[in-house]
Amino acid sequence: LYSSAASDVYKRQPLLSLLTDGLDMLDDVDRIHTLLSTLLSSVTALVVTSMGSDAVKRILVSVHHTADETLAATALTALQSIIADTHTLISSEQRCTWCVFYFSHILYNPTDRFIALSDGYKYIQSVISSKPHLFHSTDLSNVYEYVLEEAVELPESTAVLLFRQNVAEKALVMCPTVAQFWTELEETQQKRGELKAATHTRWRRDKALSNTCLLYTSPSPRDS
């Protein structure tokens, strides 16, 4: 599979060179659409190389400068394919970087920022839930962090607080030793008036983090 993907990338070097060297000169929607469509035919192979990844990002960013809804939908499909369909072609760290890029892409001048963020999160979380083997907890923390940072910037409302709470809860399932997620969960529970739940969260946080500290401070049997 890797060899096949690498071969496909090699065959498409002229396309990648055009994307890398001449993208800034492309101001025709039809030409950009054609390039993106061509790229989409092997998008999962293209991101194997750093050159291919850079080219994909540049042309996806260029979509923002057009008003073509079909092009925007094609770009979104490309991003979703990279995140969900690359499997072992890219590492967990690379995949999580693409997840963050996905959020920055859908949050570019949306009609409703909260809806865009929550819909994007639902998609990413569905991939994480269905394919957990593709993600490492250390890398995932960056994705959840990004989502929460964006959510905190939204006007506070019941829906936003509930969203932040749900994200924090999911983050703690995958990254139970990240103090920031515990703090976020406790704060949103307090703001929503769930005082007993907030107290319980504080107890769970102290237990989880103290257990983590013990893993690093307990003497080895060989030291006795």
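These are my notebook entries on one chain, from its overall fold down to two residues.

**Ground rules.** I am working with a predicted model, where local features need pLDDT of at least 70 and side-chain atom pairs count only at pLDDT 80 or more, while totals for chains, interfaces and linings use all residues. Residues are numbered from 1 along each chain as its sequence is written, and side-chain values use heavy atoms, with hydrogens and water left out.

**The whole chain.** I looked up the secondary structure and found twelve helices and zero strands; helices are DSSP runs of H or I with at least four residues, and strands are E runs of at least two, numbered from the N terminus. I then checked burial: 42% of the 224 residues count as buried (under 20% relative accessible area; exposed is over 50%, partly exposed in between, with a 1.4 Å probe and protein chains only).

**D139.** I found D139 in helix α9, residues 137-152. Does D139 have a partner of opposite charge, or what is the nearest one? D139 is buried without a salt bridge, and R95, the nearest side chain of opposite charge, is 8.4 Å away. A salt bridge needs a side-chain nitrogen of Lys or Arg within 4 Å of a carboxyl oxygen of Asp or Glu. I did see the D139 side chain reach the backbone nitrogen of E93 at 3.3 Å.

**Q94.** My next stop was Q94, in helix α7, residues 92-106. Q94 is partly exposed, because its relative accessible area is 35%. A polar atom of the Q94 side chain lies 2.7 Å from the backbone nitrogen of S91.

Notes
Lys and Arg count as positive and Asp and Glu as negative; His and the chain ends are not counted. A polar contact is a pair of N or O atoms within 3.5 Å; within protein, one must be able to donate a hydrogen and the other to accept it, and residues adjacent in sequence count only if both atoms are side-chain atoms.
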